[in-house]
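Please keep the sequence and the structure in view while reading.

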Amino acid sequence: MNVLTNKIMTKKLFTLLCTLFILYGCASKKNIEQPIKVQSNDARIELLQTIKQWKINGKIAFIEKNKRESASIFWQYDQRQQSQKLNLTTFLGINVLSLISEKGLHIIEVDGETYRGNNLEQLIYSFTDLPLPTQALNFWLKGLPYSDNDQFSFNQLTGLPSELTSVYQGSTWHIQYRNYQQVNGMTLPHSFTIKQNELTIKISINQWTL
């Protein structure tokens with residue numbers, strides 16, 4: 001594989017990683033399947049808003065036109081400490097990219113190079129040319145609205161969100177939730193899809209840790 005091909009693959013995998021900057025994760029045992037509790041949306045949102053520290057690990061696929069890349073993701077986030085860690089690895093366990101954020105400073109390592117910045121979205125844009133919704137992803141990942149203007153569609157049987165339409169910095173994003181899992185008494189997304197124009201992100205979470 002030549003140098004140009006390596007750079008192209010690295011940029012695509014980085015785009016995949018950047019799309020999930022506000023996700024968080026860790027690798028451990030899978031969550032035990034539990035029955036989904038039916039509750040009102042207001043009660044669900046109020047409960048999920050209490051989550052300040054969380055981790056996930058799983059799989060992600062980045063799709064754009066006729067191109068597709070996939071990887072394993074590991075994210076860890078601590079709202080109180082204003083910190084997060086993220087790793088993106090291939091199916092062979094090779095680390096492609098890592099992110100460490102600490103109180104507003106973001107450090108990214110990719111392809112043997114280290115990059116630093118205080119504005120995460122500008123840092124992402126410098127690599128991908130994409131205005132990715134880093135702040136909103138923190139909410140969407142948990143099945144929460146980013147703003148009061150976000151619009152939900154609900155599953156008639158469970159009462160849980162099946163779709164979410166959100167406007168973030170002038171762009172409309174569509175999130176489709178396929179299924180959920182029960183974790184420590186909280187109902188959290190297990191797999192979902194994020195779409196904006198020709199960009200599609202598919203996420204499957206194997207492990208939530210709260």
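## Strand β10 and its partners

Within strand β11, Ile 201 is the bridge partner of Ile 194. The model in which this pairing is found is a predicted one. Strand β10 (residues 186-196) and strand β11 (residues 199-209) run antiparallel to each other, and six bridges connect them. The two strands make up a hairpin in which two residues lie between them, and Asn 197 in that turn has a positive phi of about 55°. Asn 197 is not a glycine, although its phi is positive, and with a relative accessibility of 72% this residue counts as exposed.

On its other pairing, β10 meets strand β9 (residues 171-183), again in the antiparallel sense, here over nine bridges. Thr 187 in β10 is the bridge partner of Gln 182. How much of β10 is covered? The strand is mostly covered, given that nine of its 11 residues are buried.

How many salt bridges does a search of the whole structure find? The search finds one, and this salt bridge is formed by Lys 65 and Glu 198, whose closest N and O atoms are 3.9 Å apart. Because Lys 65 lies in the loop between β1 (53-64) and β2 (67-78), while Glu 198 lies in the loop between β10 and β11, the pair ties together parts that are 133 residues apart in sequence. Side chains of opposite charge can pair when their charged atoms come close. Lys 65 is itself exposed, its relative accessible area being 62%.

The loop that holds Glu 198 is also the loop in which Asn 197 is found.

## Ser 166, a buried residue in β8

Ser 166 belongs to strand β8 (residues 161-168). Is Ser 166 buried or exposed? Ser 166 counts as buried because its relative accessibility is 0%, with under 20% being the cut-off for that class.

The side chain of Ser 166 is joined to the side chain of Asp 150 by a polar contact of 2.9 Å. When neighbours within four places in sequence are left aside, the residues in contact with Ser 166 are Trp 140, Tyr 146, Asp 150, Ser 171, Thr 172 and Trp 173.

## Exposed loop residues

Leu 92 is placed in the loop between β3 (83-89) and β4 (95-102), and it counts as exposed because its relative accessibility is 63%. Together with Phe 91 and Ile 94, Leu 92 forms a nonpolar patch on the surface, and the accessible area of the three together is about 410 Å². Between the C-alpha atoms of Leu 92 and Ser 72, which are 20 residues apart along the chain, the separation is 9.8 Å.

Lys 103 is located in the loop between β4 and β5 (105-110). Its relative accessibility of 58% is why Lys 103 counts as exposed, and its phi, near 50°, is a positive value in a residue other than glycine.

Methods. Residues numbered from 1 in each chain as written. Predicted model: local features only at pLDDT ≥ 70, side-chain atom pairs only at ≥ 80, totals over all residues. Heavy atoms only, no water. Helix = DSSP H or I, 4+ residues; strand = E, 2+ residues; numbered from the N terminus. Buried < 20%, exposed > 50% of the residue type's maximum accessible area, 1.4 Å probe, protein only. Polar contact = N/O pair within 3.5 Å; in protein donor to acceptor, adjacent residues only side chain to side chain. Contact = heavy atoms within 4.5 Å. Patch = residues over 30% accessible without salt bridge, like charges linked within 9 Å, V, L, I, M, F, W, Y side chains within 5 Å. Areas by Shrake-Rupley, 256 points an atom, 1.4 Å probe, with all protein chains shown as cover. Salt bridge = Lys/Arg side-chain N within 4 Å of Asp/Glu carboxyl O. Pairing = 2+ DSSP bridges.
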